Each structure stands twice: as structure tokens, then as C-alpha cells.
Amino acid sequence: MAQQNEPITVIGAGLAGSECAWQLARLGHRVVLREQKPEKKSPAHQLPGFAELVCSNSMRSDNPESAIGLLHAELRRVGSVILSAADLHRVPAGDALAVDREHFSAEVQQRLSTHPNITVVAGEVTEVPAGLVVFATGPLTSQALTDALAPHVGEKLYFYDAIAPIVADESIDHTIAFRQSRYGKGGGDDYLNLPLSRDEYARFVTELRTGAKVTPHAFEEPKYFEGCLPIEVMAERGEETLAFGPMKPVGLMDPRTRQQPYAVVQLRMEDRAGTAWNLVGFQTRLTWPEQKRIFALIPGLAKAEWVRMGQIHRNTFLDGPRLLARDFSLKNSERLFFAGQITGVEGYVESTACGYLTALAVHARLTGTAFAPPPGETALGALYRHVTGEAHPEGYRYQPTNVVFALFPPIVGRFKKAEKRVQYARRAVTHFDAWAPTAPHPVAPMPSPAPARAEA
Ligand SMILES: Cc1cc2nc3c(=O)[nH]c(=O)nc-3n(C[C@H](O)[C@H](O)[C@H](O)COP(=O)(O)OP(=O)(O)OC[C@H]3O[C@@H](n4cnc5c(N)ncnc54)[C@H](O)[C@@H]3O)c2cc1C
């Protein structure tokens, strides 16, 4: 393996930067990993360490017949440090891959810090360093570095996400809450459910609509990501929107009434011991006092103690297809590479995947070989198609996205929805297997048998 003279600088030890640094290091390259924490933290980051999951502790469905589950499987096969640490610190959450965020973060940090090819340097980066650089500074890239990047990227975009609150277990009324997963999926009782009657639901929706919200700065027009809408925005869209969205009661039965409730708030375990619970889908921009007042109306939360309140935040990302070359380096400054959410992917796992792809691209540059990412039929390749613009029609306005089958080349033929997912998943495995021998590192076989349940 040819060694470069100068180490590669990776800025940001979040999901993407950690994965990128790890993959480069295992390919034999020296890496300087620069992370502003623990000295400086964005408004959303709280932990001192690497790979922090800033909101939900879930990496979503682990079913390899969903696009995200397929991405999990592919990342496992390429030796992802993030997936490996997640598997090690998994907490029960039905079909989802959810983790104990503190142990997960500590695990990633420990593995990176002890790798002989990685040097960790703490402190905020405020200028563009010399040499080959990977920017993996995420949706909340510090202002000083954003300013330093401006001459190179010219323009950037932004939109808003909102994060969900976390409640302490001991403050929940467990005579009202009941443990159950929808349709008994996965572990069967991984979730805690708070049932609402029709009247309780109607009042809750009214309060959400009228409650005080945090006002964005005048120069920032809120542009929400559709998959992560604040609950009050959903409430404003229609009386029943929440009851058909995150508060849908289907597949659940309240053991006290032996009936399906009118609506439910579902809580997901934050840690293996179940001392804290995340309100699933309850991202919000309500002010903190309003959150406390309005969420106390939810049966079971009258005396809630909040471990963390919901928040609003900015998401900075580049117009990938316009600014980035096919190896994720800047078209006008080819020594500067980008990885993670800043390229316009959305989500923990997608950012991790992007970190992996960028590592492959940097490796190709350093070894003078062709950069050959997994083909578009795979989940990794589909994300690549998104960032490079290949997945999008002419005139598409670039927006961050999770991995979804819509990014894959379409499956030809008429299939029922569930069958189509199976087709996408099978085709992806075939193409991944064909690509595997060209990868610059060993690729593990696809584990079998795959679970049968499919989830969107
Ligand atoms: C508030 C919020 C809630 C979210 N909720 C979810 C969710 O529930 N589920 C989900 O899948 N995704 C969620 N996301 C998206 C999530 O952030 C990304 O999916 C993922 O964390 C992005 O990974 P990343 O590695 O690109 O960035 P990050 O994980 O944010 O990592 C970037 C790292 O760079 C560091 N950094 C920034 N600037 C500098 C600098 N100048 N010098 C040195 N270091 C720097 C930061 O400290 C950080 O450690 C949320 C994002 C935010 C902001």
C-alpha cells in the first residue's frame, strides 16, 4: 500500500467523519482527525465524544428489505465502525436499530483514538487547512468554518429540522402507559404507549396549534424536511394529520380498555435500562415552557420530568450535484472533499454511508486508481446517485434526503408495493456481490437468512 507523505485531515468526528477516518486508516492512510468537541459544541450536541446521535437514538429499520435496512447491511459488509459499534450497543426497539447513545459514542471514540494511523486533534477548525481535507462538519458546521468555506463553495443552502424531547421513566404514570409494539413487531413490547381519547386528542391538537413557537431569525425562511416535520406543523395541516402520522393507534390495544385508543404517543427507550424515553416523531419548535405545559396534557405525562426538550435547528448543506465532482471533491478546488450531511444526505446512517464513500474516493485519489463506488442498484450507490444528481430529473431542486427506493434505478414491471421492495433488495444484493471484488478492502458476505418483515 502506497503511503501518502502528508496525512489527510478529516474535520469533524461525527458519524461521517468517524467512518471516513476509520476507513482511510484501515486502508493504510494516515489521518489527522480534528474535532471541536469537547471544547466547543453546536447548540444540538451535548456529549463530549465522537459520533453523537443528536436527536433520536434510532438508526431506523434494520430490515434489509427496506432501503435503510439495506444500507445497514451494506455498511456491515464493508466493515463500518459505526454499524459495528451500534450493533454492540443496541437497545430493544422492535425492527429498528436503536442504541445506547453514550456507550455507542464512547465505543467509536475508543476505536478511533487507539488506531495507529489516526491522530486526534481537539479544537475548532476555523480556516481551511493545507493538503487533502475532508469536511465532515455536518448540518451545524461552526460559523467560523462556514465563513472560511464561503470563498470555495460560493453558496450554501439551509433548512430546519426539529428534535424530539426525552422524558425520565420514573416521572411517567405507568398505570396509564402500556408496553407494546405495533402488531407485536420485533420484541413485542419494546415501546411504551400513552393512549388518548378523542377529546384528549382534540384538545392536544388545539393546544399545539395555538402554543407559542420559537421564532426563526428574520433572514431564515423555515424549509422543513418532510420526513421530520415538527408536530405543530403537522397539527396545522389538519385535525387528523397526527392521528394518521406519529400518533396513529393502529396495531395497538390498550390493556385497560381492551380497545384501540383514538390516538397514542409512542415512547422509545433511550438507554438499555429504560431510564429515559424518546417521544417518537415529536420533533417540535414549541418554546420549552409551552412544551412542558402542552405535553403535560398527554395522559401519563402530567408529572413528566424532561431529560431534554425539543429544539429547532439549522441544517447547512451544499448543492451537491452543482458543487461537487464525482468523487465528492469540490469541482473548483479538488483537494477539498466533503462527507456526510453537509453533502445533502439526511440521517445518521446516510451520513455514515457518505463518510465511507468519501474514504473510497480519497483512497482512489491517493493511489492513482479509479474511484468505483458500489453501483446505483445498491443502497450505497443510490445515495451516491443522489449527491451526484444522477438520481434526479432535470430541473430537480436539490434537497437533503434519506435513503429511499425512489433513489434507485426503477424496477421494471408491475409489482405490489411489498413485492417491489423485495425486488429492490434482491437486486441490490446481486449488484453488491458483483462489485465486492473491486473494493479495496475485504467485503463480508450478506448474512442470511434475511428477516421476512418489510417496513417502509
Ligand atoms: C438537531 C438535529 C436533530 C437531528 N435528528 C436526527 C434524527 O433523529 N435522526 C437522524 O437520522 N438524523 C438526525 N439529524 C441529522 C443528523 O445530524 C445527521 O444525520 C448526522 O448526525 C450527520 O452526520 P455528520 O457526520 O454529517 O454530522 P455530525 O454528526 O453533526 O458531525 C459533525 C461533527 O463536526 C464537528 N464540527 C463542526 N464544526 C467544526 C469545526 N469548525 N471544527 C471541528 N469540528 C467541527 C461537530 O462537533 C460534530 O462532531 C439531526 C440533526 C440535527 C442537527
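User: Which residues does Met446 touch, not counting residues up to four places away in sequence?

Analyst: To read a contact, look past the chain neighbours. In this predicted model, Met446 touches Ala73, Arg77 and Val429. Met446 itself sits in the segment after H12.

User: Is Met446 buried, exposed or partly exposed?

Analyst: Count the other C-beta atoms within 10 Å. A residue needs 20 or more to be buried, and 12 or fewer to be exposed. Met446 has 18, so it is partly exposed.

User: How does the span of H1 compare with what is expected at 1.5 Å a residue?

Analyst: Compare the end-to-end C-alpha distance with the expected value. H1 covers residues 15–26, so to speak a run of 12 residues. Its reach is 17 Å from first C-alpha to last, close to the expected 16 Å. H1 is also mostly covered, with 11 of its 12 residues buried. Those include Leu15, Cys20, Ala21 and Trp22. Just after H1, Gly28 takes a positive phi of about 95°.

User: Which residues is Ala21 in contact with, leaving aside neighbours within four places in sequence?

Analyst: Ala21 is in contact with Val10, Val31, Leu33, Leu112 and Ile118. Now place Ala21 in the nonpolar core. The largest core holds 125 residues, and Ala21, Leu71, Val134 and Leu383 touch the most other members. Helix H10 (residues 348–367) gives the most to this core, with 10 residues.

User: Why does this core lie between domain 1 and domain 2?

Analyst: Check which domains supply its members. Domain 1 (8–156 + 318–438) and domain 2 (162–312) both give residues, so the core lies between them.

User: How many residues of domain 1 are in contact with domain 2?

Analyst: Count each side of the boundary separately. Domain 1 brings 16 residues into contact with 17 of domain 2. The domain 1 side divides into eight nonpolar, five polar and three charged residues. Over C-alpha atoms, the centres of the two domains are separated by 29 Å.

User: Which residues are closest to the ligand?

Analyst: Start with the shell, then ask which elements supply it. The ligand is surrounded by 36 residues, and the closest are Gly12, Gly14, Cys55, Gly138 and Gly340. H1, strand E2 (31–35), strand E8 (157–163) and H10 each supply at least two residues of the shell. The largest share, three residues, comes from H1. By type, the shell has 15 nonpolar, 16 polar and five charged residues.

User: Which peptide bond is cis?

Analyst: Look at omega for the bond, and at phi for the residue. Most peptide bonds are trans, and most residues other than glycine have a negative phi. The bond from Lys37 to Pro38 is cis, with omega near 0°. Pro38 is in the loop between E2 and E3.

User: What is the phi of Ala51, and where does Ala51 lie?

Analyst: Ala51 has a positive phi near 45°, and is not a glycine. Its place is in the loop between E2 and E3. Ala51 is buried, because 29 other C-beta atoms lie within 10 Å.

User: What is the phi of Phe328?

Analyst: Phe328 has a positive phi of about 65°, although not a glycine. It is found in the loop between helix H9 (320–323) and strand E16 (329–330). With 27 C-beta neighbours inside 10 Å, Phe328 counts as buried.

Notes:
Residues numbered from 1 in each chain as written. Predicted model: local features only at pLDDT ≥ 70, side-chain atom pairs only at ≥ 80, totals over all residues. Helix = DSSP H or I, 4+ residues; strand = E, 2+ residues; numbered from the N terminus. Expected span 1.5 Å × (residues − 1). Core = buried A, V, L, I, M, F, W, Y, C linked by C-beta atoms within 7 Å. Domains from an automatic or database assignment. Contact = placed C-beta atoms within 7 Å. Near = placed C-beta within 6 Å. Nonpolar A, V, L, I, M, F, W, Y, C, P; charged D, E, K, R; others polar.
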